[in-house]
Amino acid sequence: MTTSNCPVHASLPARGPVRLRMVKHPGRSRLDGGWWPRSHNLVVELADLVDHFPARFGKVGWVSASRPDWAVAPTRVAVADGYVKVDWRPQADDHVVRLKTAERAVFYLLVVPPDFTDDQGAEALLAASTHGNKHCAADILDLVTEHPDVDPADRWTDNGATWWGPHAVAPSFRPAKSGG
């Protein structure tokens with residue numbers, strides 16, 4: 001059977017770089033970053049994330065996910081160098097995936113819905129990876145979808161990173177600072 005006749009492969013979106021954005025110093029904010037998968041197929045998406053997870057954070061060996069975010073619920077996923085164990089929180093609808101590394105570090109990532117627009121996805125990733133973020137994942141997703149750019153003066157910052165380019169600034173949901 002050829003790959004093109006396989007329904008699993010036929011329905012997969014084209015792969016590109018993993019859409020992951022992490023805070024510089026994990027563990028200090030409510031979320032350690034954001035991940036924007038290209039589909040609701042956890043088998044494909046998790047393998048992509050684990051295989052491309054930044055080495056400086058460690059090797060991912062265990063994942064806990066909220067069931068409503070995914071079309072399938074595997075208990076383990078094959079990755080480049082073995083398997084990752086998957087644990088499920090059936091009642092959780094928090095749009096967070098929790099990764100645990102071999103070094104026992106734990107990272108909490110916002111799961112950005114695959115059907116978000118480019119602007120919504122980029123803004124959600126930036127919000128989740130902003131140092132000092134206090135918003136829960138569901139609030140970030142609600143704000144991105146329900147109140148796009150409520151106040152143009154209210155911005156997230158990217159601490160000089162090149163994500164938004166040299167002149168563009170990403171929208172934010174932080175209250176504007178008063179002048180006094």
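Which residues of the largest nonpolar core touch the most other members? This is a predicted model. In it, that core holds 24 residues. Trp35, Leu46, Leu49, Phe53, Val97, Leu99 and Leu109 touch the most other members.

Helix 2 supplies the largest share, five residues. In soluble globular proteins, nonpolar side chains tend to be buried together.

Take Leu99 as a way in. Setting aside neighbours within four places in sequence, Leu99 is in contact with Leu49, Phe53, Val60, Trp62, Val63, Ala105, Val106, Phe107 and Leu109. There is also a second, separate core, with 14 residues. Leu31, Val96, Leu110 and Ala124 are among them.

Now turn to helix 3. This helix spans residues 118–128 and is mostly covered, with nine of its eleven residues buried. The buried residues are Gln120, Gly121, Ala122, Glu123, Ala124, Leu125, Leu126, Ala127 and Ala128. They pack against strand 1, strand 2 (33–35), strand 7 and helix 4 (137–146).

Is His95 buried or exposed? Its relative accessibility is 19%, so His95 counts as buried, the cut-off being under 20%. The side chain of His95 makes a polar contact of 2.8 Å with that of Asp69. Leaving out neighbours within four places in sequence, His95 is in contact with Ser66, Asp69, Leu109, Leu110, Val111, Ala137, Ala138 and Leu141.

Technical notes:
Residues are numbered from 1 along each chain as its sequence is written. This is a predicted model: local features need pLDDT of at least 70, side-chain atom pairs count only at pLDDT 80 or more; totals for chains, interfaces and linings use all residues. Side-chain values use heavy atoms; hydrogens and water are left out. A nonpolar core is a set of buried Ala, Val, Leu, Ile, Met, Phe, Trp, Tyr and Cys residues joined through side-chain atoms within 4.5 Å. Buried means under 20% relative accessible area, exposed over 50%, partly exposed in between (1.4 Å probe, protein chains only). Helices (H or I, at least four residues) and strands (E, at least two) are DSSP runs, numbered from the N terminus. Contact means heavy atoms within 4.5 Å. A polar contact is a pair of N or O atoms within 3.5 Å; within protein, one must be able to donate a hydrogen and the other to accept it, and residues adjacent in sequence count only if both atoms are side-chain atoms.
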